[in-house]
Amino acid sequence: MAEKQTEEKKSVLPSKSDFSEWYNELLLAGEIMDVRYPVKGLYVWFPFGFEVRKRTYSLIRELLDKDHKEALFPLLIPETEFMKEAEHIKGFENEVYWVTHGGKNELDVKLALRPTSETAIYPMYKVWVRSHADLPIKIYQIVNTFRYETKHTRPLIRLREITSFKEAHTVHATWDEAAEQVREATRIYQEFYMRLAIPTIVSKRPEWDKFPGADYTMAVDTLMPDNKTLQIGTAHHLGSNFAKTFDIKYEDAKGEQQYAHQTCYGISERSIAALISIHGDDKGLVFPPLVAPVQVVIIPILFGKSEEIITACRQVRDCLTAAGIRTAIDESDERPGAKYYRWEMKGVPLRIEIGPRDLKNNAATVVRRDSGSKESIPLGNIVEEVNKRFRVIHESLYERANSSLKERIFDCESIEEVKDKIQGGIARIAWCGERECGLAMEEAVGAGILGIPEGDMGSGTGNCPVCKKETGNMAIMARTY
Ligand code: ZN
């Protein structure tokens, strides 16, 4: 019976080459999210998925807590505040859920379920900011937000309830300080994704694709297995646009009233969509050790001398647990093969097998989830050996993901070439930076310009395919989620 179940389970996960199907099945089989909740675009975190979320978000907390403070603002935003910033309203008006009643009474002022929290936070910043000595303010919160998505919804990627929106909102004296904060935000996000072994591209979004109400938007993208890019972080320079609307002023050193300058930046559970999609394989989840809920699973290989082997396995577990390594031991009655299958699905980075032969050699067999490679390691040095492998696994997951990204970036010289190449990933092409040319390129290709990337990827020489002007700017284009 156990064998039969295993066989049935094996057929649950389609090949990753069929990415969309694989992704949906993995969410269920890997116990990340249950999609059976009876409201479109709302999903349920399984306890296991929630633990992945907890560990992932503890990384971003750790990075932000160095010089940000965590706070919590209300979910409901009065219409009077929400409607203050014209661009902002235009950007969100079709996506807002409204609370119109309290019990049977119609509310005097409708309340918006936050689609994002600028208009919840900034009325308070007006109260809190008095003098230049109050600045900078750097606050973040991790909350749910609601957006009435009309496009096809997808777990962790396109949602009506974003359950894990980490949004930071900062206030500064000058425009330049806010610009530096935007750079700092993208650095923090790159570091965060490095810890998830996910390679990223940072670029400045075109003017027509910026956050509603911002001076400009920087975005962090990654490339998914199906060759579409996923935006997994954004940082917006708000200038003093919201400060003027919400009257956020400070008294400068000369005693004069000045409008503040602001930024906001966010990530969501899309970080977890990228994590499971980029590293996972046909056998299930693959986690970098830093975020794996279980980092090591010990499987006793039993032939007769059971007691001795179980004892050795428990000793190894205690030893690893004492060293802070999240360790499980599978003492169930199933055959080893069924156990391997179960823990592979869960993405456990290292499996330790101890059988009679291992014990005789005072050793254990370790198997890496990412590569499947098998080695014998001495039991006497187990903590160090395991930690050494964690570092190697993290690096090799990043290297593999990074080469996969690099292999799917194509230099193009014409619109025709872009149309062809974006089926396989990201197209890189010269762009003069003019709005008309950019929009014409998007129209002709049928896909968006992500922007001009930071670093070498964004510079080169070429001619804008529309106006033919020579330029040193290279833009990237891709099909996006
Ligand atoms: Zn041009």
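**Close-up views of a predicted model**

**View 1. Lys 228 and Tyr 481.** The charged end of Lys 228 lies over the ring of Tyr 481, at 4.6 Å from the ring centre. Like every view described here, this one shows a predicted model.

**View 2. Domain division.** Three domains make up the division of the protein: domain 1 covers 19–279, domain 2 covers 296–393 and domain 3 covers 409–478. Taken over C-alpha atoms, the centres of domain 1 and domain 2 are 41 Å apart.

**View 3. The aromatic pair of Phe 73 and Trp 128.** A search of the whole structure gives 18 aromatic pairs. One of them joins Phe 73 and Trp 128, with 5.9 Å from centre to centre and 50 degrees between the planes, and this pair is tilted. It links distant parts of the chain, 55 residues apart: Phe 73 is in the loop between β3 (69–70) and β4 (76–78), whereas Trp 128 is in helix α6 (residues 118–128). Phe 73 has a relative accessibility of 7%, so this residue counts as buried. Trp 128 has a relative accessible area of 40% and is therefore partly exposed.

**View 4. The aromatic pair of Trp 175 and Tyr 216.** The ring centres of Trp 175 and Tyr 216 are 6.0 Å apart and the planes stand at 55 degrees, so this pair is tilted. Because Trp 175 belongs to helix α7 (residues 175–195) and Tyr 216 to strand β10 (residues 216–223), the pair ties together parts 41 residues apart in sequence. Trp 175 is partly exposed, at a relative accessible area of 36%. Tyr 216 has a relative accessible area of 15% and is buried, because buried means under 20%. The ring of Tyr 216 also has a charge over it: the charged end of Lys 204 sits 4.7 Å from the ring centre.

**View 5. A nonpolar patch on the surface.** The patch is formed by Tyr 37, Val 39 and Val 44, which together have about 240 Å² of accessible area. Val 39 is placed in the loop between β1 (33–34) and β2 (44–45). With a relative accessible area of 38%, Val 39 is partly exposed.

How values were computed
Residues are numbered from 1 along each chain as its sequence is written. This is a predicted model: local features need pLDDT of at least 70, side-chain atom pairs count only at pLDDT 80 or more; totals for chains, interfaces and linings use all residues. Side-chain values use heavy atoms; hydrogens and water are left out. Rings of Phe, Tyr and Trp (its six-membered ring) pair if their centres lie within 6.5 Å; planes under 30 degrees apart count as stacked, over 60 as edge-to-face and the rest as tilted. Helices (H or I, at least four residues) and strands (E, at least two) are DSSP runs, numbered from the N terminus. Buried means under 20% relative accessible area, exposed over 50%, partly exposed in between (1.4 Å probe, protein chains only). A charge sits over a ring if NZ of Lys or CZ of Arg is within 6 Å of the ring centre and within 35 degrees of the ring normal. Domain bounds come from an automatic or database domain assignment. Patches are made of residues with over 30% relative accessible area and no salt bridge: like charges are joined within 9 Å, nonpolar side chains (Val, Leu, Ile, Met, Phe, Trp, Tyr) within 5 Å. Accessible areas come from the Shrake-Rupley method with a 1.4 Å probe; for residues, only the protein chains shown count as cover. A salt bridge is a side-chain nitrogen of Lys or Arg within 4 Å of a carboxyl oxygen of Asp or Glu.
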